[in-house]
Amino acid sequence: MENQSENQLQDDKIQPEKAGTPIDRNSIWEQEELQHREKQRELEEKLQPIARNAREYLIGAIILGVLFYFCFFDFYENIEGLVYPLFLLALYEVTWSVMKKQGILLDKRYLGEVICSFLLAISTVLTTNDSIIVFNTLGIIILYLIMLCRVYLADKDMGTPRLIKAMFRCVTGAFSYSKFFFKHAKGKMRIKKDDSGKRKTIMLGITLAAVFLVIVLPLLSQADPVFHKLLSSPFQSIRIDDTGEIIKAVCFIFIPAILFYGLVCSCYVRHMETEEKTYHLWKPDSIIIMTSIIATTYILFCGIQIFYLFGGWFKLPEGITYAEYARQGFIQLLWVAVINVGLVLVIKIRCTQNKKLNHILFVLSVCTVVMIISSAYRMILYVQAYDLTRLRFLVLWFLIVLIVAVGQMMYYIYHSQYKIGKRLFQTALIAYMLLSFCRMDYIIAKYNISANEYITSDDLMYLTCLSKDATPAIAELPEERVLKRSKADRYNYVDASYERYFYTIENEYKSSIRGFNISKYIAYQCAVDKNNELK
């Protein structure tokens, strides 16, 4: 018996080839399980202050979810309406209330992100350009996360890489910590022993009745029109006769509430983190050789650009127009310029200080400026030949932003204390704010109409496919400048499209307080005036 027990013990152990100490097979899994439980225990201990006041946090999260549903239940209509700034105001109000309860106070350092968020929300109400609305929303989310990271990490000198990492952890944490919405809610719903039976009976009855009514009410509503009107009048936003609408309402309310609660828990866990990552700096010798070869190549290329494109001292190859020459190398030059900016920044940040290397980086920056100007000039030539589009407008805007960024980079090369990451972010933010408020589609329509003596069917088709921001510019287009097919043709396609455009805008306009958009209203007024003029 003793021999059998010894053999059984030996079977439960693995003898490694080199090490002489036996290892239990189950010990690794047990250790991992213990580590996992220990981490969960530590996490729950960190969240104890939130768990103790979970009722206030849960109420705030649910209020935010209800407001989200109220503002965006008709998403495609209300996303560009007056409710957008209203919801943003509620979001920051609930967030500030949560921070105050946690003993975290805001100061003036973080107001910049808040103000820019509201400006982007106002810009959304002023435009119907879907791309601008999407980027405004992304910008608001990014600014909100930046504000949270800066406040909770309490680090005003946070570097850009660490800030991006913290934002990513906040987003992932909103999902991974969302389970505490249910855990803390369950903890607050625990009932005392003395009246547990009575409360359990009440809660069970309410739950069963709610489930039953969700199934039966749509059927009863469809069976009797009077009953349908009685039910739908107090709940015009929720179609009580449609189970799908009820499910949609529940999702619109509870998904934002759960994610917001998870975000609060995630930020609180990482509160006051101050760890800094150190970098090993590169030696400049090999970097100097590499950048010297690149700089020599760039100088040769920039010389060709100056001679051919700017100076016009040499003739272009036969069969190539200036517009074709401008189009051929634009994308390539743009990519090279972007790569150069990244290369110079990485070398400057990660390499030890060296005066010779600084001079070479400055030469690379000057060559990058020449490339950017060359790209812009090529694009201007192309726009003059083939008119302006959204993509071409955005490219010109990006080139202007890029040349400002390179200017800051050139200053940073000789002034290492310059906070290049922060300044580049501010530059990009201000540039996008200008783009958001400039009514891009109106400028495009205005330029194309003024640049052409007559508007062809293709031109008109593109203009009418722009957002309603372009309607005031199209309304200024005289009817006689719209190119006609022929005098013998009784049905003129272009004229019909021109008239149909304003007729459609006037008839599709919906007057709504929540969905009110200033650009839509201006387009509607222009369409009404133009239709009266065309009658």
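Author: Welcome! Contact here means heavy atoms within 4.5 Å. Please keep in mind that the model is predicted.

Reader: With that in hand, which residues does Glu-80 touch, leaving out those up to four places away in sequence?

Author: Glu-80 touches Thr-124, Val-125, Thr-127, Thr-128 and Ile-133, and also Phe-516, Asn-517 and Lys-520. Glu-80 itself is found in the loop between helix 5 (75-78) and helix 6.

Reader: Does the side chain of Glu-80 count as part of a buried or an exposed residue?

Author: A residue is buried when its relative accessible area is under 20%. Glu-80 counts as buried because its relative accessibility is 6%. Its side chain has a partner too: a polar contact of 2.6 Å joins it to the side chain of Lys-520.

Reader: Let's turn to empty space. How can I see where it is left?

Author: Rolling a probe the size of a water molecule over the atoms shows where empty space is left. In this structure, the second largest pocket holds about 760 Å³ of space. It is lined by 23 residues, and the closest to its centre are Phe-68, Phe-87, Leu-91, Ile-141 and Tyr-144.

Reader: Which helices each give at least two residues to that pocket's lining?

Author: They are helix 4 (54-72), helix 6 (83-101), helix 8 (130-153), helix 9 (160-176) and helix 13 (243-269). By class, the lining of the second largest pocket has 22 nonpolar residues, one polar and no charged.

Reader: What about cavities: how many of 30 Å³ or more does the search find?

Author: A cavity is a space where the probe fits but cannot get out. The search of the whole structure finds two of 30 Å³ or more.

Reader: Which residues line the largest cavity?

Author: Its lining is made of Thr-95, Val-98, Tyr-144, Leu-148, Tyr-152, Phe-260, Leu-263, Val-264 and Cys-267. Helix 13 gives the most, with four residues, while helix 6 and helix 8 are also among those that supply at least two each. The classes are eight nonpolar, one polar and no charged.

Reader: And what lines the second largest cavity?

Author: Here you will find Ile-347, Lys-348, Cys-351, Thr-352, Gln-353, Asn-354, Leu-357, Asn-358 and Leu-361. They divide into four nonpolar, four polar and one charged. Helix 16 (330-350) and helix 17 (355-386) each supply at least two residues, and the largest share, three residues, comes from helix 17.

Reader: Could we look at one residue of that lining? Where is Ile-347, for instance?

Author: Ile-347 lies in helix 16, and it counts as buried because its relative accessibility is 3%. Not counting residues up to four places away in sequence, Ile-347 touches Ile-287, Met-290, Thr-291, Leu-357 and Leu-361. Leu-357 and Leu-361 also line the second largest cavity.

Reader: How far is the C-alpha atom of Ile-347 from that of Trp-282?

Author: These C-alpha atoms are separated by 8.5 Å, and the two residues are 65 apart along the chain.

Notes
Residues are numbered from 1 along each chain as its sequence is written. This is a predicted model: local features need pLDDT of at least 70, side-chain atom pairs count only at pLDDT 80 or more; totals for chains, interfaces and linings use all residues. Side-chain values use heavy atoms; hydrogens and water are left out. On a 1 Å grid over the protein atoms alone, a cavity is a set of points where a 1.4 Å probe fits but cannot get out, and a pocket is an open set with protein on both sides within 12 Å along at least five of seven lines; lining residues have an atom within 4 Å of a point. Grid points are joined across faces, edges and corners, and a volume is the space filled by probe spheres set on the points. Ala, Val, Leu, Ile, Met, Phe, Trp, Tyr, Cys and Pro count as nonpolar, Asp, Glu, Lys and Arg as charged, and the others, Gly among them, as polar. Buried means under 20% relative accessible area, exposed over 50%, partly exposed in between (1.4 Å probe, protein chains only). A polar contact is a pair of N or O atoms within 3.5 Å; within protein, one must be able to donate a hydrogen and the other to accept it, and residues adjacent in sequence count only if both atoms are side-chain atoms.
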